[in-house]
Amino acid sequence: MPKTVARPEAGSDDAPALRASALRRCIKTGETLAKTALVRFVIGPDDCVVPDIEERLPGRGLWLVAQRD
């Protein structure tokens with residue numbers, strides 16, 4: 001079962017911090033994590049998968065947990 005990050009209530013002190021760090025779902029594990037814990041990949045014009053570290057390349061992108069293994 002995928003793990004998820006608890007979302008703070010609308011009036012809590014943690015809500016602005018959560019908005020600043022949007023959540024994304026890892027396509028491998030199904031976990032919902034902050035973007036800072038994931039790496040974004042996109043399909044390049046030559047149909048190759050390219051890491052998008054700066055999150056500036058066009059397209060929807062795929063998100064993976066940033067782990068060596």
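**Figure 1. Five residues make up the largest nonpolar core.** In this predicted model, the largest nonpolar core brings together Cys26, Leu33, Leu38, Trp63 and Val65. Let's look at one of these members, Cys26. With a relative accessible area of 3%, cysteine 26 counts as buried, because buried means under 20%. If we set aside neighbours within four places in sequence, cysteine 26 is in contact with Glu31, Leu38, Trp63, Leu64 and Val65.

Figure 2. Is cysteine 48 buried or partly exposed? Its relative accessible area is 39%, so cysteine 48 is partly exposed: that value falls between the 20% and 50% limits. Cysteine 26, by contrast, is buried at 3%. How many disulfides does a search of the whole structure find? The search turns up zero.

**Figure 3. Arginine 24 in strand β1.** Find strand β1, which covers residues 23–25, and you will find arginine 24 in it. This arginine has a relative accessible area of 30%, so it is partly exposed. Which residues does arginine 24 touch, once those up to four places away in sequence are left out? They are Glu31, Thr32, Leu33, Lys35, Leu38 and Trp63. Now trace the chain from arginine 24 to leucine 64: they are 40 residues apart in sequence, yet their C-alpha atoms are 9.1 Å apart in space.

**Figure 4. An open sheet of three strands.** Here the strands follow the order β4-β3-β5, with antiparallel pairing. The edges are β4 (49–51) and β5 (62–65), each of which pairs on one side only. On average, and ignoring direction, neighbouring strands of this sheet are turned by 35 degrees against each other. As a reminder, strands of a sheet pair through backbone hydrogen bonds, either parallel or antiparallel.

**Figure 5. Strands β3 and β5, side by side.** Strand β3 spans residues 38–43 and pairs with β5 in the antiparallel sense over four bridges. Which residue in β5 stands opposite phenylalanine 41? Look for leucine 62.

**Figure 6. Stepping back to the protein chain.** You can count one helix and five strands here, and from the N terminus on they run α-β-β-β-β-β. Of the 69 residues in the chain, 20% are buried. The chain exposes about 5,700 Å², and carbon and sulfur atoms supply 54% of that area. Among contacts between residues at least 6 apart in sequence, 37% join residues at least 24 apart.

Technical notes
Residues are numbered from 1 along each chain as its sequence is written. This is a predicted model: local features need pLDDT of at least 70, side-chain atom pairs count only at pLDDT 80 or more; totals for chains, interfaces and linings use all residues. Side-chain values use heavy atoms; hydrogens and water are left out. Two strands pair if DSSP finds at least two bridges between them. Helices (H or I, at least four residues) and strands (E, at least two) are DSSP runs, numbered from the N terminus. Axes are lines fitted to C-alpha atoms, for helices over the stretch in contact, and angles run from 0 to 180 degrees between N-to-C directions. A nonpolar core is a set of buried Ala, Val, Leu, Ile, Met, Phe, Trp, Tyr and Cys residues joined through side-chain atoms within 4.5 Å. Buried means under 20% relative accessible area, exposed over 50%, partly exposed in between (1.4 Å probe, protein chains only). Contact means heavy atoms within 4.5 Å. A disulfide is a pair of cysteine sulfur atoms within 2.5 Å. Accessible areas come from the Shrake-Rupley method with a 1.4 Å probe; for residues, only the protein chains shown count as cover.
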